[in-house]
Structures are given as structure tokens and as C-alpha cells.
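Thanks for making time this morning.

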Amino acid sequence: MKNRPLILLSFLLIFLFSFPVSAQDDEGDDIKVYDFELDKLLSLGSGMLALALFIFTRIAYKRTQNKRLSYVSVAFLLFAIKGFAIAHELVFAEWPLIDVFSNILDFAILIIFFLGIIKK
């Protein structure tokens, strides 16, 4: 089944484009899906993916005791926290410092990935 990735990608694209999308909100700057901001929904999805990757790399670390996997798993956990923090505005009020918090987490994630690469 060499075409399996192509078939999965096709289903994913059909799924993504089946949502009713309104081009902009009242202020004219956000794309909305079911009255939710698309960028927040994507942050929630990336946070869930990062959480799953954290779990997988943590399990792999416990099996192999490879020190690099511990760094990678922490970086995935921070990325999940960042995704959930940005997406929290789907349910709760806006947090004025979310951009600063997100940038700090981006910086920490990059440093941890770098440490995971250079450590033996």
C-alpha cells in the first residue's frame, strides 16, 4: 500500500475543508470555524499532538534510558503547554500576557531541543 499516505492526506484535506468557515469576524482580522477562531483551534490541535508526542517519547525514554529522549520529551511537554495556553482563549477570557508567555516557551523549547542534540 504505497498510496496510503496520499489517501490519508486526501481524507485530512477533505475533513479540514468541510467545516463552515466565515472569512472574518466583526473586527475583520480573524478567520472563524463554528464561531471559534481558527488559530486557536489549530493551537489546540498542535497542543494535543505535542502531548501525544510527549507521551510516546517518555515511554521510549523509559524503555531505552537514552538521555536525548528526555530532552525531547520535555520540549514536547512545553510545546503542549504552549498550545493549550493559547487555545484557552476558546473558552476563557483573553490573557494579556499570552504572547510574552508563548515567546518564552518558544525560547525554552528551542534551547531544550538544542541540548538534546548536543548531549551524548
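Which side chain does the side chain of lysine 82 join in a polar contact? Before I answer, please keep in mind that what you see is a predicted model. The partner is aspartate 106, and the polar contact between the two side chains spans 2.7 Å.

Lysine 82 lies in helix H3 and aspartate 106 in helix H4, which covers residues 98–118, so the pair ties together parts that are 24 residues apart in sequence. As a general point, side chains of opposite charge can pair when their charged atoms come close.

Helix H3, where lysine 82 sits, runs over residues 67–87, and if we set aside the neighbours within four places in sequence, lysine 82 is in contact with Ser102, Leu105 and Asp106.

Aspartate 106, at 26% relative accessibility, counts as partly exposed.

Met48, Leu51, Ile55, Phe56, Ile59, Leu77, Ile81 and Phe84 make a nonpolar surface patch of about 680 Å². The elements that give two or more residues to this patch are H2 and H3, and H2 gives the most, with 5 residues.

One of the patch residues, leucine 51, is placed in helix H2, and at 33% relative accessibility leucine 51 counts as partly exposed. Leucine 49 is also placed in helix H2, which covers residues 38–64, and leucine 49 is exposed, with a relative accessible area of 53%. If you follow leucine 49 across to phenylalanine 79, you find their C-alpha atoms separated by 9.4 Å, although the two residues are 30 apart along the chain.

To close, I would ask you to take away two views of helix H3: lysine 82 in H3 pairs with aspartate 106 in H4, while H3 is also, with H2, one of the elements that give two or more residues to the nonpolar patch.

Conventions
Residues numbered from 1 in each chain as written. Predicted model: local features only at pLDDT ≥ 70, side-chain atom pairs only at ≥ 80, totals over all residues. Heavy atoms only, no water. Helix = DSSP H or I, 4+ residues; strand = E, 2+ residues; numbered from the N terminus. Polar contact = N/O pair within 3.5 Å; in protein donor to acceptor, adjacent residues only side chain to side chain. Contact = heavy atoms within 4.5 Å. Buried < 20%, exposed > 50% of the residue type's maximum accessible area, 1.4 Å probe, protein only. Patch = residues over 30% accessible without salt bridge, like charges linked within 9 Å, V, L, I, M, F, W, Y side chains within 5 Å. Areas by Shrake-Rupley, 256 points an atom, 1.4 Å probe, with all protein chains shown as cover. Salt bridge = Lys/Arg side-chain N within 4 Å of Asp/Glu carboxyl O.
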